Amino acid sequence: MARNFYFFNPDTMSFEQAKLSVWTIVKRIIWLVTTAIAFAIFVLWIAFYLFDSPKEKMLQKENNELKEQLRAINKNLEVMDVVLEDIQDRDDQVYRAIFEAEPIPLETRNPWFNLTTRYDSIPQSETVKLLKTIDLKTKGLFIKLKEERESLDSLLLLAENKNDMLAAIPAIRPIKNMYNVTSGFGLRIHPILKTYRKHTGVDITAPRGTPIYATADGTVSRQQAAMGYGTNVIIDHGFSYQTLYGHLSKKIVKPGQKVKRGELIGYVGNTGLSMGPHLHYEVWKNGIPVNPVQFFTSDITPEEYNAILESSKKVNQALS
Ligand SMILES: [Zn+2]
């Protein structure tokens, strides 16, 4: 079906009928619509790229704020880590040292390695990197804190026994106003055998009958010392400490008897293999003789301590 259209023909100076097919009209409409859509897309595209929508602006702002917060959390975690490391140092160097506990190995304390995070598989934007660091640090702090709590718990147990332990450590001199440590701990010439032998204690010269005091709380042992020590007293202090007092003229305590630090246990003599009146004094820790001079710490001045230490170092003949 054709519709009638007219146009002016200047040659004939009259209106003539033009015949436009429906197809031509449809084509024109399609072209018009397509152009309009293309123009609209172009305008929208420009608007989209050049101007943010209010929602986008809001999201952008929120995103920046979140990033800022993540950075702040990251910083806080770093500070917490420094503080915790300081606590660990104190724990190892002070608390554990006081209670004679072994320091905790570094690997146990710093389990930072081999930690994976749930963000590993995601492509790394700045936010993801921040989240990953925070995740790792939080896990690390958690493990460190757990470790520290266990350490302090174990110290608490030790602290509960601390008074007993302190009372059990030989901490005073066995003779008041100690005259002289004539022979120290270590290799010394045996006065009777005349050979170098390990001297497992110190010899303190003092007139016969000088009072001898227990150097820590404990129980008088039923254990027998070697013959050479003459009349002697061995005290079990617990916490793996023992002391031995040899060559006494007389002992005034019995096996099984409980003694307090500073309690009179006997008198200086010259019994057993001895070259003259003196006290042979030994301190044992975990079944091994240790230098008793190290334990004369609680009732002497630093000067006195140094003097005793020096005189005990002289390589000379033990009185046995
Ligand atoms: Zn000796």
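The model is predicted, so local features need pLDDT of at least 70 and side-chain atom pairs count only at pLDDT 80 or more, while totals for chains, interfaces and linings use all residues. Residues are numbered from 1 along each chain as its sequence is written, and side-chain values use heavy atoms, with hydrogens and water left out.

Q: Why is Asp203 called buried?
A: Buried means under 20% relative accessible area, exposed over 50% and partly exposed in between, with a 1.4 Å probe and protein chains only. Asp203 has 0% relative accessibility, so Asp203 counts as buried.

Q: What makes the pairing of Asp203 and His199 a polar contact?
A: A polar contact is a pair of N or O atoms within 3.5 Å; within protein, one must be able to donate a hydrogen and the other to accept it, and residues adjacent in sequence count only if both atoms are side-chain atoms. The side chains of Asp203 and His199 are joined at 3.2 Å. A second polar contact, of 3.4 Å, joins the side chains of Asp203 and His278.

Q: How do you know that the span of helix H6 agrees with its twelve residues?
A: The expected span is 1.5 Å times one less than the number of residues. For H6 (residues 302-313) that should be 16 Å, and the end C-alpha atoms are 16 Å apart, which agrees.

Definitions and conventions
Helices (H or I, at least four residues) and strands (E, at least two) are DSSP runs, numbered from the N terminus.
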